[in-house]
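I set down below, entry by entry, what I looked up in this structure.

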Amino acid sequence: MMKAKTPLKPILTLCFGILVQIGCTQTNSNEGARPSAASWPSPIPCRIQNGPNPDVFLMALGDVRTPLADGRFDPARDLVTLGGGREIPNYFKDKLGVKYFRPIDKSVFPLPPSGWCSWYYYYQEVSEDVIEQNAAWLAANLKDYGAVYCQIDDGWQGRGHGSNDNRDWTTIDKRFPSGMAALAQTIKSLGLKPGLWLAPHGQSNADVVKQWTAFLLDKDGKSASSTWEGDYLLDPSQPEAYVYLKDLFKTLAESWGYDYFKIDGQPIVVEEYKAKLSLLKNPAQDHEALYRRTLETVREAIGPERYLLGCWGIPLEGAGIFNGSRTGGDVVLGWDGFFVALQATMDYYFLHNIAWYSDPDTMLVRYPLTLDQARVWATLQGLTGQALFSSDALPDLPEERVEILRRVYPAVDIRPVDLFPAGRDKKIWDLKVNHLGRSYDVVGCFNFDETKTSGVELLWKDLGLDEDGPVHVFDFWNKDYLGCWDKGFYVPLAPSIVRVLTLLAAKPEPQLISTSRHISQGWVDLVECGYDAKEMVFRGTSRVVRDDPYELRFVFPRKGSGFRIKSADARAEEVTARNHGRWATVTIRHSINAEVHWEVRFEPAAYYDFPVRPPAGLRADVKGLNKAVLGWDSSYYLNAGYAVSVDGAYRFTTPVNRCEVALPDPGLEYEIKVASAWLDGTVSPKAATVKVRPLDAVAREVSLSDLEPAAASCGWGVPRNDRAISGSPLRIGSTTYPKGIGTHAVSEIAYNLYGLFRSFEAAVGVDAASEGDKGSVVFEVYADGKLLWTSGLMKKSTGAKTLKLDVGGVKELRLRVGDGGDGIDYDHADWAGARLLR
């Protein structure tokens with residue numbers, strides 16, 4: 001360990017040909033995340049379908065090039081041009097159904113917003129005091145990390161609770177005695193931006209309705225629309241409705257001083273305008289055009305410099321007007337709540353940073369989420385760059401939970417490469433980064449199951465990396481170097497966990513693989529950096545946050561001439577260097593936010609190497625239809641991992657004595673070998689061997705819930721094995737089923753059958769837990785893309801319908817649940833007792 005202390009004083013240095021002042025410049029740490037909007041909208045790499053590994057979810061940060069891309073998307077022209085030159089015009093408008101698509105305007109908001117929302121801790125029991133407490137804590141602890149919005153949600157307005165007296169935007173609740181303008185000023189005085197929730201198209205104060213000829217009334221002068229939005233609904237065919245909206249938002253923005261508006265219930269408004277079109281003053285007008293005119297009025301009132309967020313589901317009719325939009329339902333505390341954000345991301349991430357800034361709802365990190373689960377939720381936000389709001393009682397969070405927040409704030413300029421709905425809960429999220437000449441991948445490997453362990457085969461070819469070259473692997477959350485490996489790396493995963501791994505193609509010199517400031521590992525903090533091979537020195541400038549230990553992580557070539565840190569210097573109060581064999585760290589501490597120049601010198605060093613011995617006791621089981629589950633005895637002697645090969649072809653290295661290997665054809669026999677491996681890439685001369693033919697272990701009867709689907713989507717929640725979508729036992733009518741799949745319209749679940757089965761059997765119906773007899777669904781079964789069976793319209797009162805279908809030779813079985821034509825509310829659907837017979 002080496003420490004260096006340097007007095008704080010301005011110096012001038014020539015760094016990379018640019019004369020800069022370094023050492024004591026105080027900065028806002030979030031400035032490094034701010035991109036230039038000048039280059040947008042410009043063509044970006046894109047995929048329009050899955051690649052060879054359907055579990056890979058692809059996104060980009062910076063000017064990225066990848067062989068995985070199908071072509072390029074030009075947002076200004078809404079045009080996809082594929083690699084072969086074929087063009088797909090109106091891609092977002094026609095292919096993705098975004099009727100009002102235009103590229104997001106990044107001139108005022110070049111990044112998604114980051115901050116805090118009051119709703120998911122305080123709900124309607126919010127007050128001026130708790131807002132001020134959380135705002136003060138936010139300013140003191142997370143503002144320097146880029147969390148700058150303080151958004152007050154439902155509860156500030158009206159009288160009482162619910163959607164009746166509460167829906168009155170002209171009355172301030174007594175729990176806000178100083179008024180909303182004073183509270184906005186308090187938030188601003190802390191260096192934060194105040195935000196406000198409301199459902200502006202609704203109103204429940206009859207006196208306000210009388211004052212304005214602006215609301216939808218029937219011929220008797222009574223409300224023609226009483227919904228969650230309010231007892232009354234704004235009438236878009238009345239000219240005074242627009243005067244009312246403009247007056248309301250002028251008050252909120254200019255008189256009160258709010259900079260961010262979350263307007264809720266938007267799909268309700270669109271549907272009500274459609275349903276009540278005949279009651280409008282001019283029923284010939286298009287309901288969507290009328291709705292968009294109300295939004296344009298809001299935009300005119302607040303101006304372009306204030307943020308407008310659409311909310312409730314996915315209000316696509318507001319595209320081109322909203323700065324951002326929620327893309328899913330409300331989260332809840334606990335692991336089930338995470339799946340709401342996951343579903344929103346899987347279904348609509350293709351919109352993010354292209355049509356608007358997507359918002360999968362807030363991030364929660366508090367108990368009862370485990371620390372691992374909190375990291376999973378934070379990683380969802382950090383790797384996708386979507387709008388980033390926490391919603392816990394901030395002053396109550398323990399330090400270990402706050403540390404998670406520090407590493408994902410702020411949201412940065414990430415956008416999707418995959419311009420299509422994911423269609424499944426993907427487990428490998430590959431963020432490709434190109435910054436300052438550093439091209440690397442930040443890969444999230446997820447296990448979403450709360451009870452079962454699993455693992456991920458992280459193959460370099462699946463990520464578009466050179467499979468013939470070694471790749472360094474660093475674990476971000478665990479702050480650990482995992483080695484430099486060929487072909488791929490197996491990632492063992494405990495239940496409900498994520499491993500965030502940085503992958504960097506190896507070079508014969510020291511390389512900067514990671515920094516500690518942000519999950520993007522360099523994008524937010526690095527201003528400049530580079531390696532001088534002649535002097536064996538790495539120089540750079542980083543934005544550091546006051547009192548936050550800032551760590552640079554260096555990796556060295558795995559074989560040949562080794563390296564270690566000789567010295568480390570920085571214009572900061574404390575600099576510490578540590579050598580760890582084939583990698584090293586430098587930690588910088590500073591008492592102010594600053595751009596700090598650093599210099600790290602290296603010298604030759606010898607590595608410790610160990611002659612690895614072969615493993616013993618290799619055994620294999622079969623999981624599902626085509627996975628070999630391998631295990632072997634723990635090694636007594638030292639090793640760095642185990643090299644796994646299939647039929648003589650090296651597959652990956654696993655750090656533990658177990659792994660799962662996907663095999664392409666269950667009917668073939670495969671020879672699998674496992675050898676011990678060392679950090680220099682050498683393997684034991686002998687290997688343990690086992691032969692596996694998956695089909696030999698496949699039972700004559702297989703429950704569909706025991707198989708992993710090839711793809712799965714669900715209109716609400718996530719499909720559940722052996723449980724209803726609500727989490728209760730599967731029950732249709734009075735019959736309870738121990739096995740099966742619970743889902744929710746609209747849903748599609750696909751399984752690879754490899755032609756192994758002769759029949760498929762199930763009982764289908766609306767689950768007994770669905771409210772009343774409101775749900776209506778249609779079940780469909782497809783075999784290799786052809787419709788094999790349909791149930792017709794079913795309600796809960798229909799009971800169960802049984803099916804027994806011939807699936808002989810079928811490669812893919814796809815189960816679909818439609819919504820019955822009346823929306824997806826209460827559409828809890830069960831594939832009860834679903835099984836395959838050989």
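**Entry 1: the sheet.** I began with Gly444, whose bridge partner in β27 is Val500. Strand β22 (residues 438-447) and strand β27 (residues 497-505) pair in the antiparallel sense over 7 bridges. Strands and helices here are DSSP runs, numbered from the N terminus: E with at least two residues for strands, H or I with at least four for helices. Two strands count as paired if DSSP finds at least two bridges between them. I then followed the open sheet of 7 strands, whose order is β20-β6-β21-β22-β27-β24-β25, with mixed pairing. Its edge strands are β20 and β25 (480-485), each of which pairs on one side only.

**Entry 2: basis of the model.** I note that this is a predicted model, in which local features need pLDDT of at least 70, side-chain atom pairs count only at pLDDT 80 or more, and totals for chains, interfaces and linings use all residues. Residues are numbered from 1 along each chain as its sequence is written, and side-chain values use heavy atoms, with hydrogens and water left out.

**Entry 3: strand β6.** Is this strand enclosed or open? I found that 6 of the 6 residues of β6 (residues 56-61) are buried, so the strand is largely enclosed by the rest of the structure. Buried means under 20% relative accessible area, exposed over 50%, and partly exposed in between (1.4 Å probe, protein chains only). Val56, Leu58 and Ala60 point one way from β6, while Phe57, Met59 and Leu61 point the other way. With β21 (residues 428-435), β6 pairs in the parallel sense over 6 bridges; with β20 (residues 415-416), β6 pairs in the antiparallel sense over 2 bridges. Met59 takes part on both sides: its bridge partner in β21 is Leu431, and in β20 Met59 stands opposite Pro416.

**Entry 4: Phe73.** I located Phe73 in strand β7 (residues 71-74). Phe73 is buried, at a relative accessible area of 0%. Leaving aside residues up to four places away in sequence, I list among the residues it touches Cys46, Tyr91, Phe92, Phe101, Ile354 and Leu419. A contact means heavy atoms within 4.5 Å. I also checked Asn752, 679 residues from Phe73 along the chain; their C-alpha atoms are separated by 31 Å.

**Entry 5: the whole chain.** I recorded 11 helices and 55 strands. Of the 838 residues, 59% count as buried. Residues 24 or more positions apart account for 74% of the contacts with a separation of 6 or more.

**Entry 6: confidence.** The chain averages a pLDDT of 93, and 95% of the residues score at least 70; pLDDT is the predictor's confidence in each residue, from 0 to 100. Over residues 3-27 I noted that pLDDT stays under 50, and the model has 57 contacts there beyond four places in sequence.
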